[in-house]
Amino acid sequence: MKITLNELIEKRKESVDLDIIIPMSHIGMINKEIEILSPVSLKGKIFYEDDSIYLEAHIKTKAECICHRCLQKFQVDIENSIHEKLTINEEEMQDYYYIDKNSLDIAEIVDNALVLNMPMKLVCDENCQGLCLACGVNLNEEQCDCEEDQIDPRLAKLKDLLLND
Ligand SMILES: [Zn+2]
Ligand SMILES: [Zn+2]
């Protein structure tokens, strides 16, 4: 999804305000544990500072995630800030987001920001009790009589595998 920045690049304006919605079709998969559920709203601006061009924006969306403790799905609001330098100089396009013929691929920047800033360990609730490592019940929903030292090594291994850490 591209936005056109004619006025800015031709220096008829010092800055451009952004208030846009990026459809989910432009957002890739974050990872196998997080699914974006709503279009991403972006508010911010693109502006000159010392002859360089910057993007500063705040993005918001909703996602469905898997809790690292109890392995249940839950929904969460995702908010991130973006601070990026942009460039119109072809020689700098390896280092900064490139404005190609006055047009910037804003969805690419948002997509990368979502991937890079996603918290590694999402939990459904900071008080989530997780799963019993011995019998596997969800301790948020029921109690079990397992002793703490009775951990079934197969279940512990499974949990490790699922959590991937
Ligand atoms: Zn949980
Ligand atoms: Zn148990």
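The radius of gyration used here is taken over C-alpha atoms, and the globule rule is 2.2 Å times the number of residues to the power 0.38. Keep in mind that this is a predicted model.

**Exercise 1.** Find out how the radius of gyration of the chain stands beside that of a compact globule.

*Solution.* Start with the rule: a compact globule of 165 residues would come out near 15 Å. Next, take the value for the chain, which is 22 Å. Then look at the box filled by the C-alpha atoms, roughly 70 × 30 × 25 Å along the principal axes. Finally, turn to burial: buried residues make up 16% of the 165 residues.

**Exercise 2.** Work out how the chain is divided into domains.

*Solution.* First come the bounds: domain 1 covers 2-117 and domain 2 covers 129-165. Their C-alpha centres lie 39 Å apart. The contact between them takes five residues from domain 1 and six residues from domain 2. On the side of domain 1 that touches domain 2, the residues are two nonpolar, two polar and one charged.

**Exercise 3.** Say which residues of helix 2 are buried, and where they sit around the axis.

*Solution.* Begin by locating helix 2, which spans residues 106-117. Its buried residues are I106, A107, V110, D111 and L114. These cover an arc of only 135° around the axis, so they are on the same side of helix 2.

Terms used
Residues are numbered from 1 along each chain as its sequence is written. Chains are lettered from A and ligands numbered from 1 in the order in which they are written. This is a predicted model: local features need pLDDT of at least 70, side-chain atom pairs count only at pLDDT 80 or more; totals for chains, interfaces and linings use all residues. Helices (H or I, at least four residues) and strands (E, at least two) are DSSP runs, numbered from the N terminus. The expected span of a helix is 1.5 Å times one less than its number of residues. A residue is buried if 20 or more other C-beta atoms lie within 10 Å of its own, exposed if 12 or fewer, and partly exposed in between; C-beta atoms are placed from the backbone. The arc is that of the directions from the helix axis to the C-beta atoms. Domain bounds come from an automatic or database domain assignment. Two residues are in contact if their C-beta atoms, placed from the backbone, lie within 7 Å. Ala, Val, Leu, Ile, Met, Phe, Trp, Tyr, Cys and Pro count as nonpolar, Asp, Glu, Lys and Arg as charged, and the others, Gly among them, as polar.
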